[in-house]
Amino acid sequence: MTINEKQDEIIEEFDLFDDQLDKTQYIIDLGKKLPPMPEAQKNDQNRIMGCQSKVWVDAELKEDKLYFYGDSEPTAQISKGLVGLLIRVLSGEKPEDIANADLYFIPRVGMGNLITSLRAGGLASMIERMKAYGRAYSVSENSH
């Protein structure tokens, strides 16, 4: 699936819920499905600054595709769910596609109504970090 196909799938899933609380619970449930991130990767280098809670994102290039890992402190279930959503959309894609991705699903699912402005800032920081990985790996890939 392309990045946009994954986004369209998420939009359809969110459309199944009428209630803001159900959508928020869905975000939390997505976070619970994230594979565990190795403790060694939960370091200051991988920490997303700008989040009100501790959130970590790391990436690894395998066979020309970028794979993301993420986690949050246990009390930050919504933040972990947001990381999970971004990983679902961006992980396993080509670095240049990640760097140039238009993440239109965020406004389309009404994320602004679901999360606080502080969390929105953290979400923007997560997106920026993931796109930065995409840019960094596309540059290193093209320089070989």
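## Helix H2 and its cover

H1, H3 and helix H6 (111-114) are among the elements that cover the buried residues of H2. Helices here are DSSP runs of H or I, at least four residues long, and strands are E runs of at least two, numbered from the N terminus. Buried means under 20% relative accessible area, exposed over 50%, and partly exposed in between, with a 1.4 Å probe and protein chains only. The buried residues of H2 are Lys-23, Thr-24, Tyr-26, Ile-27, Ile-28, Leu-30 and Gly-31.

H2 covers residues 20-32, 13 residues in total. Its first and last C-alpha atoms are 19 Å apart, close to the 18 Å expected at 1.5 Å a residue. The expected span is 1.5 Å times one less than the number of residues.

## Basis of the model

This is a predicted model: local features need pLDDT of at least 70, side-chain atom pairs count only at pLDDT 80 or more, and totals for chains, interfaces and linings use all residues. Residues are numbered from 1 along each chain as its sequence is written, and side-chain values use heavy atoms, leaving out hydrogens and water.

## H1 against H3

Helix H1 (residues 3-15) and helix H3 (residues 77-90) have axes that come within 8 Å and cross at roughly 140 degrees. H1 is therefore oblique to H3. Angles under 35 degrees count as roughly parallel, over 145 as roughly antiparallel, 65 to 115 as roughly perpendicular, and the rest as oblique. Axes are lines fitted to C-alpha atoms, for helices over the stretch in contact, with angles from 0 to 180 degrees between N-to-C directions.

From H1, Ile-3, Lys-6, Gln-7, Glu-9, Ile-10, Glu-13 and Phe-14 take part. They meet Leu-85, Arg-88, Val-89 and Leu-90 of H3. The contact residues comprise six nonpolar, one polar and four charged. Contact means heavy atoms within 4.5 Å.

## H3 and what follows

Eleven of the 14 residues of H3 are buried, so H3 is largely enclosed by the rest of the structure. Among them are Gly-81, Leu-82, Val-83 and Gly-84. The end C-alpha atoms of H3 are 20 Å apart, in agreement with the 20 Å its 14 residues should span.

Just after H3, Gly-92 takes a positive phi of about 85 degrees. Tyr-137 lies 45 residues from Gly-92 in sequence and 13 Å away in space, C-alpha to C-alpha.

## Tyr-137

Tyr-137 sits in helix H7 (residues 117-142). Its relative accessibility is 22%, so Tyr-137 counts as partly exposed. Beyond neighbours within four places in sequence, Tyr-137 contacts Ala-59, Leu-61, Leu-66 and Pro-95.

Conventions:
Ala, Val, Leu, Ile, Met, Phe, Trp, Tyr, Cys and Pro count as nonpolar, Asp, Glu, Lys and Arg as charged, and the others, Gly among them, as polar.
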